[in-house]
Amino acid sequence: MGLAVLAAMVMLLPGAVWAQGMGGQDGQGEGRVAFAGGQMVRGVVTAVAGNRLTVDTQAGEVYQVVISDNTRLTKQRQPMKVADIKVGDGVGAMGVLDAPT
């Protein structure tokens with residue numbers, strides 16, 4: 001399944017959080033939860049290309065996270081750059097979920 005999230009915020013998550021599981025409580029599958037006005041996707045980065053991250057959830061869903069000029073990137077509540085995100089990092093991305101492709 002290919003879904004895209006136009007991210008308003010991307011957070012680098014500690015690996016221990018991913019290992020403990022990130023199941024959603026809304027029945028939408030592990031790694032994706034709803035919030036007011038959008039979705040949050042949590043998973044492991046499998047590719048970084050320009051302003052896009054490919055994120056795989058624990059449930060096996062694959063998302064393309066699009067980072068715009070308005071996207072806020074943080075690690076431990078401190079600002080960071082897209083270049084700081086590497087394959088294998090655990091991330092959480094909040095934003096508007098596009099239709100499946």
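Which residues does Leu73 touch, not counting residues up to four places away in sequence?

What you see is a predicted model. The mean pLDDT of the protein chain is 74. Of its residues, 63% reach 70 or more. Helix 1, residues 15-19, has the lowest mean pLDDT among the elements, at 38. Strand 4 has the highest, at 91. Look also at residues 15-29. There pLDDT stays under 50. The model has 28 contacts beyond four places in sequence for that stretch.

Now the overall layout. The protein chain has one helix and seven strands. Along the sequence, the pattern reads β-α-β-β-β-β-β-β. There are 101 residues, and 42% of them are buried. The chain exposes about 5,700 Å². Carbon and sulfur atoms supply 53% of that area. Next, contacts between residues at least 6 apart in sequence. Of these, 65% join residues at least 24 apart.

Back to the opening question. Leu73 touches Val10, Ile67, Gln78, Pro79, Met80, Lys81, Val82 and Ile85, leaving out residues up to four places away in sequence. Leu73 also belongs to the largest nonpolar core, which has 13 residues. Val10, Leu53, Val55, Val65, Leu73, Ile85 and Val91 touch the most other members. Which elements give two or more residues to this core? They are strand 3, strand 4, strand 5 and strand 7. Strand 5 gives the most, with four residues. As a general point, nonpolar side chains tend to be buried together in soluble globular proteins.

Let's walk through the strand pairs. Start with strand 3, residues 38-49, and strand 7. They run antiparallel, joined by six bridges. Arg42 stands opposite Gly92 of strand 7. Is strand 7 largely enclosed or largely open? Six of the eight residues in strand 7, residues 90-97, are buried, so the strand is largely enclosed by the rest of the structure.

Strand 3 also pairs with strand 4. That pairing is antiparallel, over five bridges. Ala49 stands opposite Arg52 in strand 4. The two strands form a hairpin with two residues between them. Gly50 sits in the turn, with a positive phi of about 60°.

Next, strand 4 and strand 5. Again the sense is antiparallel, over five bridges. Val55 stands opposite Tyr63 in strand 5. This hairpin has five residues between its strands. Gly60 in the turn has a positive phi of about 90°.

Where does Thr54 lie? It is in strand 4, residues 52-56. Why does Thr54 count as buried? Its relative accessible area is 15%, and the cut-off for buried is under 20%. Thr54 touches Val44, Val45, Thr46, Ala47, Val62, Tyr63 and Gln64, not counting residues up to four places away in sequence. The side chains of Thr54 and Gln64 are joined by a polar contact of 3.0 Å.

Strand 4 pairs with strand 3 and with strand 5. Thank you.

Key: Residues numbered from 1 in each chain as written. Predicted model: local features only at pLDDT ≥ 70, side-chain atom pairs only at ≥ 80, totals over all residues. Heavy atoms only, no water. Buried < 20%, exposed > 50% of the residue type's maximum accessible area, 1.4 Å probe, protein only. Polar contact = N/O pair within 3.5 Å; in protein donor to acceptor, adjacent residues only side chain to side chain. Contact = heavy atoms within 4.5 Å. Areas by Shrake-Rupley, 256 points an atom, 1.4 Å probe, with all protein chains shown as cover. Pairing = 2+ DSSP bridges. Core = buried A, V, L, I, M, F, W, Y, C linked by side-chain atoms within 4.5 Å. pLDDT = per-residue confidence, 0-100.
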